[in-house]
Amino acid sequence: MKTLNNIPKVLKFTRNLVLTLIFSSLLFGCGSDAGNENASTESGTTEQTQENMEALTEDLTDPMNNKGVGPVDHVDLGPIDEAMVAEGKAIFEENCTACHKIEERYIGPALKELTVRRSPEWIMNMIMNPNEMVQQDPVAKALLAEYLSPMANQNISREDTRKILEYFRSVDEVK
Amino acid sequence: MISFIKKCATTALSAAFIFACTPQGPNNDSGGVMSVTNAASKVYVAPGNHDEFYAFMSGGFSGQISVYGLPSGRLFRVIPVFSQDPEKGYGYNEETKPMLQTSYGFVPWDDAHHPELSQTDGVPDGRWIFINGNNTPRIARVDLSTFETAEIIEIPNSGGNHSSPFITANSEYVVAGTRFSVPIPNEDIALDQYKEKYKGSLSFISVDQESGDMDVAFQVLVPGYDYDLAHAGKGQSHGWVFFTTYNTEQSNTLKEIGASQNDKDFIAAVNWKKAEEYLAQGKAKEMPASYYNNEYSDETHSATATQKKSVKVLIPEECPGLVYFLPTPKSPHGVDVDPTGEYIVGNGKLSADMSVHSFSKMVQAIENKDFETTIDGIPVLKYESVLDGIVKQAGLGPLHTEFDGKGNAYTSFFISSEVVKWKVDSKEVVDRVPTYYSIGHLMIPGGDSQKPFGKYLVALNKITKDRYLPTGPELAHSAQLYDISGDKMELLLDFPTIGEPHYAQAIPAELITPRSVKTFKLSENQHPYAAKKESEARVERDGNEVHVYMTSIRSHFAPDNIEGLEVGDKVYFHLTNLEQDWDVPHGLSVMGANNAELLVMPGQTETLLWEPQKPGVYPFYCTDFCSALHQEMQGYARVSPQGSTVALDWKTGNRK
Ligand SMILES: [Cu+2]
């Protein structure tokens, strides 16, 4: 729960919304609920399994632990690199602004505070691999169900995607 | 057998023939459908799998190329070349209109006959395909990385570009021989002076190996006959191109009688390496001419039409060794060179025999000056001196021959409706199959190259009576696929085609697929009216011209509300598709627009010119189903009376 400490109140609502959406599309046999720590499976599992299950549930339901589906499995974040931010902003404006605005919902979601809602890997995978993401990743699936217009694959390179991420980080830091 | 064929031929198009020659069942051994399930399994391409070959068929009078998969016979692309195409906006949008510019003005149609794949070392290489416009003499080059027409060049001093655009072994040249002889330069000359004043021309169009850029390198002025088809030499005969002629009688009326008098016409052998020497020596005459060279750029997504004013001409009389005539019976149609380059097959369409000339004998005869006579400075070689042998009485109406690379030739017989397989060295007939009906060209993948890919043969038929579900007086033309991998040809499939498919070429898919362009990079879009991001979308007025810089992405246009247009305006919608994903074009159509829609590829810009005629509100929308919200991809253009005070304004979404 440590990630939540950094999130402003307004975002808790967003997070809960996301959790709800995820659960509408997840098919877990355990029937556990994110809010119910004591839920147990019907078949009466061992404590060990119970713990694993809780860890797994926690892992998947906290979007900050979800790296998504795609080529990016690890991103090293350092201090914000202003040169990358500038390039990332330009790439974002050319390829993404027809559908995304920072402050408001447009064709797709508003991107303010994105970097505290989603893991850096998830963000990069969503940019680079949207088609597979909306088929396989529970959060992306939920987003498609909400927005209906599919995220366009703009064939952005990994390098350029990383720069866009840097731009998103800079936006969130200012706030 | 021969009498059977003759009997068939005399009633060629009658029901009697059709029934007599229609295979009755799987056990028919005259080349009909073998085992039905066996044939079906040989053409079955499972869902999700690709065909082994791409076949490019000329659309004939449709002016286009259609692309089919082999062996499935599935149509998966029509490439607009010489005709406007509302499906893609080709020839209607402002960017491609210059492609159809000619010295006769805008010509939005042609009669496309012979697709010809580019070659390297005598083998198709998958870079480009060329095709001739027969009617208004032109040659087009299609880029096979985009399946779009990249260039069209008009051929000056030509009347009907039929023997075209056959290619040399390294795509040095494509050729363009005139079907109709005309006054050169064309002028007002009495028709009864045909014999004295009319000339033929054989044009050599150079191809830049990097860009594909075409240029009329030179023309050879030849006697006023009809030049019908051509093929370039290969291997030992590389450096030569062979053209068939008919009408050596130089008749200009009732040609079906007048042009069938002489026992033999000619194959014109042109030594283009020699021509290059003469050009280098400055032997060519610069002749005034007027013709267009139109090129499409994938950077500006636009075509430019450039007028050219002169052409280099070589006169055989002044250039010894440039052209020789090989006598060939009788009104030869196709001229086909076997994969070794040694045998030159003249398909005398009015002769029962086919003459096979030998290139090495031809060289010998030239050395020995074994000439019958000389016409306009062109030596006529002695028939017996160049002839290698005759395929005797193989059928009626031989038209075209292709090769399997295993020493076999396959000739189409139009009148007797069949394909005859024969051995190139012994001239012995080894197999025959009927076609349904009246075959023109036939095609083996790579079958006119040095290394045919073999395996299949496609018959391109003119008549399909009783073969398909009737569609009124006009029926589809047909292609028939035969398996030629065994000793016996086996009919696998027939499928309908577009227009009148004259010729076709095919190439393994693996030579094209890896080069396929998937999107155009937005960052490389140099269209002068591109809006490369939504924030650049805007509307500008310049007098009565209004330029709408519009963008599209799933699922909206920007702007999607436009006001302040007036009756009398020329409204240019410049639509840039911001998508960078494969297979996500967007369309744009405006209610009442007098041309067509746009179909804009990812990263591309196209322009629709709209001239609203009366005040009102005009919806526009995307024509290409693009996403779940495709129906919502729409907008409004408001048109006010001329001189109205409504301010020019536009928006996407409500302003805050
Ligand atoms: Cu659309």
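Before the first stop, one term: buried area is the accessible area, taken with a 1.4 Å probe, that two parts lose on being put together, summed over both. Keep in mind too that this is a predicted model.

**Stop 1: the interface.** Show chains A and B together. They bury about 1400 Å² between them, with 49% of that on carbon and sulfur atoms. Now pick out B:Lys533, B:Arg554 and B:Gln580: this trio supplies 32% of the area that chain B buries against chain A, more than any other three residues. Colour chain B's side of the contact by class and you'll get 6 nonpolar, 7 polar and 7 charged residues. In all, 20 residues of chain B are in contact with 17 residues of chain A. What about salt bridges across the interface of chain B and chain A? The rule finds 0 there, though 7 residue pairs are in polar contact across the interface.

**Stop 2: chain A by confidence.** Switch to pLDDT colouring. Chain A has a mean of 75, and 64% of its residues reach 70 or more.

**Stop 3: salt bridges in chain B.** The whole structure has 37 salt bridges over all chains. Start with B:Lys42 and B:Asp483, whose closest N and O atoms are 2.4 Å apart. This pair joins helix α3 (residues 36-43) of chain B to strand β33 (residues 477-483) of chain B, 441 residues apart.

Next, B:Glu52 and B:Lys455 form a salt bridge, at 2.9 Å between the closest N and O atoms. B:Glu52 counts as partly exposed at 36% relative accessibility, and B:Lys455 does at 37%.

Then go to B:Asp494 and B:Arg467, whose side chains meet at 2.6 Å, N to O. B:Asp494 sits in strand β34 (residues 490-497) of chain B and B:Arg467 in the loop between β32 and β33 of chain B, so the pair ties together parts 27 residues apart in sequence.

**Last stop: B:Asp649.** Find it in strand β46 (residues 649-651) of chain B. Beyond neighbours within four places in sequence, B:Asp649 is in contact with B:Asn561, B:Ile562, B:Glu563 and B:Arg655. At 31% relative accessibility, B:Asp649 counts as partly exposed.

Definitions and conventions:
Residues numbered from 1 in each chain as written. Chains lettered and ligands numbered in written order. Predicted model: local features only at pLDDT ≥ 70, side-chain atom pairs only at ≥ 80, totals over all residues. Heavy atoms only, no water. Contact = heavy atoms within 4.5 Å. Salt bridge = Lys/Arg side-chain N within 4 Å of Asp/Glu carboxyl O. Polar contact = N/O pair within 3.5 Å; in protein donor to acceptor, adjacent residues only side chain to side chain. Nonpolar A, V, L, I, M, F, W, Y, C, P; charged D, E, K, R; others polar. pLDDT = per-residue confidence, 0-100. Helix = DSSP H or I, 4+ residues; strand = E, 2+ residues; numbered from the N terminus. Buried < 20%, exposed > 50% of the residue type's maximum accessible area, 1.4 Å probe, protein only.
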